[in-house]
Amino acid sequence: MSRRFVAGETLDEAIAAARKCNELGMLVSLDYLGENVATTTDAQRARDAYLEIFDRIAKEKLSANVSCKLTQLGLDLSPEFCEGLVFTVVERAAGYDNFLRVDMEGSAYTQRTVELVKQVRARNAAVGTVIQAYLYRSESDIRDLLGHSCRVRLCKGAYKESADVAFEKKSDVDGNYVRLMQLLLPSGIYHAIATHDPHMIGETIRWAAAKQISKGDFEFQMLYGIRTDLQRRLVSDGYRVRIYIPYGRDWFPYFMRRLAERPANIGFLLRNFLRR
């Protein structure tokens with residue numbers, strides 16, 4: 001069942017999925033699944049995996065970048081150690097004229113993630129991060145990151161958070177998402193609007209048109225295996241669409257978050273399980 005959301009356990013499987021997306025006119029972000037490593041050896045192994053991904057993207061001539069999680073690269077062990085690994089990966093990305101997106105994890109990591117990304121970006125611009133619209137602090141974080149010309153992926157957020165740090169009502173999250181989108185798009189920096197919500201997509205399209213922001217000045221991002229009909233429709237309408245393609249053996253936490261953030265995904269899987 002996880003195959004609906006995860007390309008497979010190997011890089012070859014992820015490359016094959018990326019190629020299919022490219023053939024459909026979609027960009028890709030590859031993510032080697034994993035988080036909260038326990039040893040520096042595991043973190044270094046993850047770094048090597050990301051270096052290999054960039055090598056393969058270049059070799060296969062794919063239209064793809066890479067996403068990573070800092071806890072997979074040793075953030076729990078040492079922020080300085082983690083920063084060194086991330087910088088190595090960003091340098092490899094820059095060498096291929098490519099880009100590394102640092103995913104955002106739970107709110108306990110938000111401040112450390114923002115600070116580390118700013119520090120790495122001060123040395124190499126081939127890095128950006130993610131901001132989650134359900135957090136109260138997100139507007140402040142976006143203003144901070146824009147001050148450093150940092151590219152942002154805006155998403156709603158998929159981790160379980162308390163009312164102390166995050167909006168609980170969907171209407172409040174949606175309202176904040178629109179406000180943050182309106183802050184990002186006119187900034188002159190290339191950002192990503194990550195959502196499967198037709199209402200959020202419609203708000204983005206209308207705002208961009210009203211502000212005369214061209215379709216090439218930003219991109220929509222969606223998860224592998226979710227709303228493929230909407231993905232193709234946006235491409236046919238001339239928008240840039242990037243598909244987030246995860247792979248690897250550590251797929252279970254990612255899979256469960258996809259089910260938790262959108263209960264309709266469970267029904268989607270059950271309806272389609274026997275069709276493929």
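Author: Axes are lines fitted to C-alpha atoms, and angles run from 0 to 180 degrees between N-to-C directions. Keep that in mind as we look at this predicted model. In it, the axes of helix H5 (residues 138–146) and helix H6 (residues 170–184) come within 10 Å and cross at roughly 10 degrees.

Reader: Why are H5 and H6 called roughly parallel to each other?

Author: Set the angle against the cut-off. Angles under 35 degrees count as roughly parallel. H5 and H6 cross at roughly 10 degrees, and therefore they are roughly parallel to each other.

Reader: Which residues of H5 and H6 meet?

Author: On the H5 side they are Ser138, Glu139, Ile142, Arg143 and Leu146, and on the H6 side Leu180, Leu183 and Leu184. By class, the contact of H5 with H6 has five nonpolar residues, one polar and two charged.

Reader: How do you know how H4 and H5 are oriented to each other?

Author: Helix H4 (residues 110–121) packs with H5 at an angle of about 10 degrees, their axes being 11 Å apart. The limit for roughly parallel is under 35 degrees, so H4 and H5 are roughly parallel to each other. In this contact, Thr110, Val114, Glu115 and Lys118 of H4 meet Asp141, Asp144 and Leu145 of H5. Sorted by class, the residues are two nonpolar, one polar and four charged.

Reader: Let's turn to single residues. What makes Asn65 count as buried or exposed?

Author: Its relative accessibility does. Buried means under 20% relative accessible area. Asn65 has 3% relative accessibility, so Asn65 counts as buried. You can find Asn65 in strand E2 (residues 64–68). Leaving aside residues up to four places away in sequence, Asn65 touches Val28, Ser29, Leu30, Ile57, Asn98, Phe99 and Arg242.

Reader: Why is the link between the side chains of Asn65 and Ser29 called a polar contact?

Author: A polar contact is a pair of N or O atoms within 3.5 Å, where one must be able to donate a hydrogen and the other to accept it. The side chains of Asn65 and Ser29 are joined at 2.8 Å, so the distance passes that limit of 3.5 Å.

Reader: What makes Gln212 count as buried or exposed?

Author: The cut-off for exposed is over 50%. Gln212 has 76% relative accessibility, so Gln212 counts as exposed. Gln212 lies in the loop between helix H7 (198–210) and E7. Gln212 and Pro186 are 26 residues apart in sequence, yet their C-alpha atoms are 9.2 Å apart in space.

Reader: And why is Ser149 called partly exposed?

Author: Partly exposed covers the range between the two cut-offs, under 20% for buried and over 50% for exposed. Ser149 has 38% relative accessibility and therefore counts as partly exposed. Ser149 sits in the loop between H5 and strand E5 (152–155). Its phi is near 55 degrees, a positive value in a residue other than glycine.

Reader: How do you know whether Arg227 is buried, exposed or partly exposed?

Author: Arg227 has a relative accessible area of 22%, so Arg227 is partly exposed. Arg227 is in the loop between strand E7 (218–223) and helix H8 (228–236). Although Arg227 is not a glycine, its phi is positive, at about 55 degrees.

Reader: How many residues of the chain are there, and what share is buried?

Author: There are 276 residues, and buried residues make up 54% of them. The chain has 10 helices and eight strands.

Technical notes:
Residues are numbered from 1 along each chain as its sequence is written. This is a predicted model: local features need pLDDT of at least 70, side-chain atom pairs count only at pLDDT 80 or more; totals for chains, interfaces and linings use all residues. Side-chain values use heavy atoms; hydrogens and water are left out. Helices (H or I, at least four residues) and strands (E, at least two) are DSSP runs, numbered from the N terminus. Angles under 35 degrees count as roughly parallel, over 145 as roughly antiparallel, 65 to 115 as roughly perpendicular and the rest as oblique. Contact means heavy atoms within 4.5 Å. Ala, Val, Leu, Ile, Met, Phe, Trp, Tyr, Cys and Pro count as nonpolar, Asp, Glu, Lys and Arg as charged, and the others, Gly among them, as polar. Buried means under 20% relative accessible area, exposed over 50%, partly exposed in between (1.4 Å probe, protein chains only).
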